[in-house]
Amino acid sequence: MSDDPTSSMAGQDPKWQKDAADQNFDYMFKLLIIGNSSVGKTSFLFRYADDSFTSAFVSTVGIDFKVKTVFRHDKRVKLQIWDTAGQERYRTITTAYYRGAMGFILMYDITNEESFNSVQDWVTQIKTYSWDNAQVILVGNKCDMEDERVISFERGKQLADQLGVQFFETSAKENINVKAVFERLVDIICDKMSESLDSDPTLMAGGGGQAKGQRLTDQPANPANTNCNC
């Protein structure tokens with residue numbers, strides 16, 4: 001299956017055709033939300049893109065996407081955000097979309113030990129199928145469910161530090177840190193692009209161009225205050 005969304009989706013979705021035709025942006029970033037099934041990836045995306053939330057769980061089949069344009073540092077940035085299925089049976093489909101992704105939101109559920117233990121497996125998937133410089137943010141979702149918490153904030157932060165990535169706890173239901181995660185990921189990508197352009201001015205970054213980024217073992221710059229205020 002091709003990772004070119006115009007070949008797999010354009011014939012089905014007029015909205016995609018409209019968005020694909022809109023070239024009025026400075027950068028286009030392809031972002032993926034990955035993690036085990038039922039950690040809240042789809043709800044997280046819908047909260048960010050549409051500011052909506054539903055408690056009904058419907059498992060994502062294969063892969064879906066949203067397009068959102070944001071302004072960061074006087075730049076118009078078009079985000080192509082892909083929501084991936086967590087089930088193993090869809091893995092060969094979803095990993096095809098890793099190629100060309102500039103950022104990953106790697107999500108686990110703070111009420112689910114298994115989803116946290118699977119983070120390292122997802123990191124391996126990123127290293128195997130994406131380019132070396134893709135940016136990653138680790139997200140512990142469902143922090144509104146404090147009574148059911150099994151993964152402490154400290155454990156999540158410790159794992160993020162070990163991986164060399166930034167960490168947020170979030171709640172799609174209560175709209176906690178959802179926007180902050182996307183903004184921080186976009187900022188990291190923009191910063192890395194600027195660094196690459198400074199070191200090699202011949203690089204072209206516009207229109208979805210890619211630049212050198214932070215590896216999973218690098219230390220993140222300017223960590224944000226990511227405490228969950230649940």
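1. Contact here means heavy atoms within 4.5 Å. By that rule I34 touches K41, T84, Y98, F104, I105, L106, M107, W122 and I126, leaving aside residues up to four places away in sequence.

2. A word on the basis. This is a predicted model, in which local features need pLDDT of at least 70, side-chain atom pairs count only at pLDDT 80 or more, and totals for chains, interfaces and linings use all residues. Residues are numbered from 1 along each chain as its sequence is written, and side-chain values use heavy atoms, with hydrogens and water left out.

3. Start with strand β1, residues 27-35. Helices (H or I, at least four residues) and strands (E, at least two) are DSSP runs, numbered from the N terminus. Eight of the nine residues of β1 are buried, so the strand is largely enclosed by the rest of the structure. Buried means under 20% relative accessible area, exposed over 50%, and partly exposed in between (1.4 Å probe, protein chains only).

4. Which strands pair with β1 in the parallel sense? Two strands pair if DSSP finds at least two bridges between them. β1 and β3 pair in the parallel sense over seven bridges. Here L31 stands opposite I81 of β3. β1 and β4 also pair in the parallel sense, over five bridges. On that side, L32 stands opposite F104 of β4.

5. Next, the interior. In soluble globular proteins, nonpolar side chains tend to be buried together. A nonpolar core is a set of buried Ala, Val, Leu, Ile, Met, Phe, Trp, Tyr and Cys residues joined through side-chain atoms within 4.5 Å. The largest such core has 29 residues. Its members that touch the most others are L32, I34, F104, L106, Y108, V119 and L138. At least two residues of this core come from each of β1, β2 (63-72), β4, α6, β5 (135-141) and α7 (153-163). A second, separate core has 28 residues, among them L31, M107, V139 and V181.

6. Aromatic rings deserve a look. A pair of aromatic rings is described by the distance of the centres and the angle of the planes. Rings of Phe, Tyr and Trp (its six-membered ring) pair if their centres lie within 6.5 Å; planes under 30 degrees apart count as stacked, over 60 as edge-to-face and the rest as tilted. The whole structure holds eight aromatic pairs. In one of them, the rings of W82 and Y97 have centres 4.9 Å apart and planes at 45°, so this pair is tilted. W82 sits in strand β3 (residues 75-84) and Y97 in the loop between α4 (91-94) and β4 (103-109), 15 residues apart. Both W82 and Y97 are buried.

7. How are the rings of Y98 and Y129 arranged? Their centres are 6.2 Å apart and their planes at 80°, so the pair is edge-to-face. Y98 is in the loop between α4 and β4, while Y129 is in helix α6 (residues 119-129), 31 residues apart. Y98 has 0% relative accessibility and counts as buried. Y129, at 40%, counts as partly exposed.

8. Other ring features follow. Ring pairs link F44, Y48 and F182 into a cluster. A charge sits over a ring if NZ of Lys or CZ of Arg is within 6 Å of the ring centre and within 35 degrees of the ring normal. The charged end of K68 sits over the ring of Y48, 5.2 Å from its centre. Likewise, the charged end of K66 sits over the ring of F46, 4.3 Å from its centre.

9. Now the charges. A salt bridge is a side-chain nitrogen of Lys or Arg within 4 Å of a carboxyl oxygen of Asp or Glu. The count comes to nine salt bridges. One joins E183 and R72, with closest N and O atoms 3.7 Å apart. E183 lies in helix α8 (residues 178-199) and R72 in strand β2, so the pair ties together parts 111 residues apart in sequence. E183 counts as partly exposed at 24% relative accessibility, whereas R72 counts as buried at 18%.

10. Two further bridges. K142 and D109 form one, their closest N and O atoms being 3.1 Å apart. K142 lies in the loop between β5 and α7 and D109 in strand β4, so this pair ties together parts 33 residues apart in sequence. D109 is buried, at 4% relative accessibility. E113 and R155 form another, with closest N and O atoms 2.9 Å apart. E113 is in helix α5 (residues 113-117) and R155 in helix α7, 42 residues apart.
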